[in-house]
Amino acid sequence: MSEHTAPQGTDLADLIVHLARLGQSCGHAEGATALTAAQWTALRYFARANRFSRTPSAFSEFHATTRGTASQTVKSLVAMGLLARQSHDSDGRSTLIEVTEAGQAQLRRDPLRDLRGVLAALPGASRAALADALAQAIADLARLRAAPVFGTCGDCNHLDSKASYCHCTQSLLTQPEMQSICVDFQPARPPGQS
Ligand code: SF4
C-alpha cells in the first residue's frame with residue numbers, strides 16, 4: 001500500500017478489533033468444550049507462559065483485567081479440568097498453573113487456528129512488517145496505559161544470550177523457556193524507537 005493510500009489510525013484500530021473478534025469466534029471449534037473468550041485467552045496464556053509467569057496475577061496483567069476476575073477465570077478452568085494448580089519447588093513460588101492433557105486437547109481445537117493459518121499464508125515480508133508494526137503499537141499503548149509488555153527472551157533486556165541467563169530472575173533458561181512469554185519481559189529496544 002502506498003503512502004497516499006495509507007489508512008488512518010481509526011480504520012486500523014477497527015480492523016484489528018474486527019480481526020480479533022472474528023478470529024476468536026467459535027464457529028469452527030468442533031468437539032471443543034464451549035469456553036468464553038476470557039477462558040480461551042487464559043488457556044492459551046498458560047500454554048505459552050514461562051515458569052515465572054504461570055500465575056493468576058501475571059495472567060491478570062497480560063489480560064489487562066483485575067486479579068479477582070483473573071482468579072475467577074482460572075478457577076473455572078481448573079473446575080473444568082483444563083488447568084491444574086501444581087506446587088513448584090525450585091524457585092520458591094508455591095503454586096503454578098499448568099495446562100492439563102484435557103486442556104492440551106482443547107487447544108488443538110482452538111478457534112484461533114483459522115486465524116493462525118490465514119496469517120501463516122501471508123507473504124513472509126508482510127508477516128514481518130505486520131509483526132514489527134503490532135509490536136510497536138503494543139509497546140506504545142502499554143506505555144500510555146502504564147501496563148506491562150509481554151515478550152520472549154530473545155527480545156529482552158534481561159537476557160545474557162551467551163550464557164542463556166536471565167539477570168531479572170537470576171536463572172538459567174532452557175530453550176523452550178526462551179520461546180515462552182514472560183511477565184518480567186523488558187523490551188531490549190525502548191518503546192518508541194524503531
Ligand atoms: S530474559 Fe526476560 S523474558 Fe526471559 S525470563 Fe528473563 S525477564 Fe523473562
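1. Where does the ligand sit? The ligand sits in the largest cavity. A cavity here is a set of points, on a 1 Å grid over the protein atoms alone, where a 1.4 Å probe fits but cannot get out. A molecule sits in a cavity if more than half of its atoms lie within 2 Å of its grid points.

2. This is a predicted model, in which local features need pLDDT of at least 70 and side-chain atom pairs count only at pLDDT 80 or more, while totals for chains, interfaces and linings use all residues. Residues are numbered from 1 along each chain as its sequence is written, and side-chain values use heavy atoms, with hydrogens and water left out.

3. The shell around the ligand consists of Asn50, Phe52, Thr152, Cys153, Cys156, His158, Leu159, Cys166, Cys168, Leu173, Cys182 and Asp184 (a residue counts as near a molecule if one of its heavy atoms lies within 4 Å of it). By class, the shell holds 8 nonpolar, 3 polar and 1 charged residues. Cys counts as nonpolar in this scheme, along with Ala, Val, Leu, Ile, Met, Phe, Trp, Tyr and Pro; Asp, Glu, Lys and Arg are charged, and the others, Gly among them, are polar.

4. The protein has 8 helices and 5 strands, in the order α-α-α-α-β-β-α-α-α-β-β-β-α along the sequence. These elements are DSSP runs numbered from the N terminus: helices are H or I with at least four residues, strands E with at least two.

5. Of the 194 residues in the protein, 32% are buried (under 20% relative accessible area; exposed is over 50%, partly exposed in between, with a 1.4 Å probe and protein chains only). The accessible surface comes to about 12000 Å², and 55% of that belongs to carbon and sulfur atoms; the areas come from the Shrake-Rupley method with a 1.4 Å probe.

6. Of the contacts (heavy atoms within 4.5 Å) between residues at least 6 apart in sequence, 59% join residues at least 24 apart.

7. Thr169 lies in the loop between β4 (165–166) and β5 (171–172). Its relative accessibility is 18%, so Thr169 counts as buried. Beyond its neighbours within four places in sequence, Thr169 is in contact with Phe52 and Asp184. Phe52 and Asp184 are also among the residues that surround the ligand.

8. Two alanines have positive phi. Ala64, with phi near 55 degrees, lies in the loop between α3 (56–62) and α4 (67–79). Ala64 is exposed, at a relative accessible area of 71%. Ala146 has a phi of about 55 degrees and is found in the loop between α7 (124–145) and β3 (159–160). Ala146 is exposed, at 72%.

How values were computed
On a 1 Å grid over the protein atoms alone, a cavity is a set of points where a 1.4 Å probe fits but cannot get out, and a pocket is an open set with protein on both sides within 12 Å along at least five of seven lines; lining residues have an atom within 4 Å of a point.
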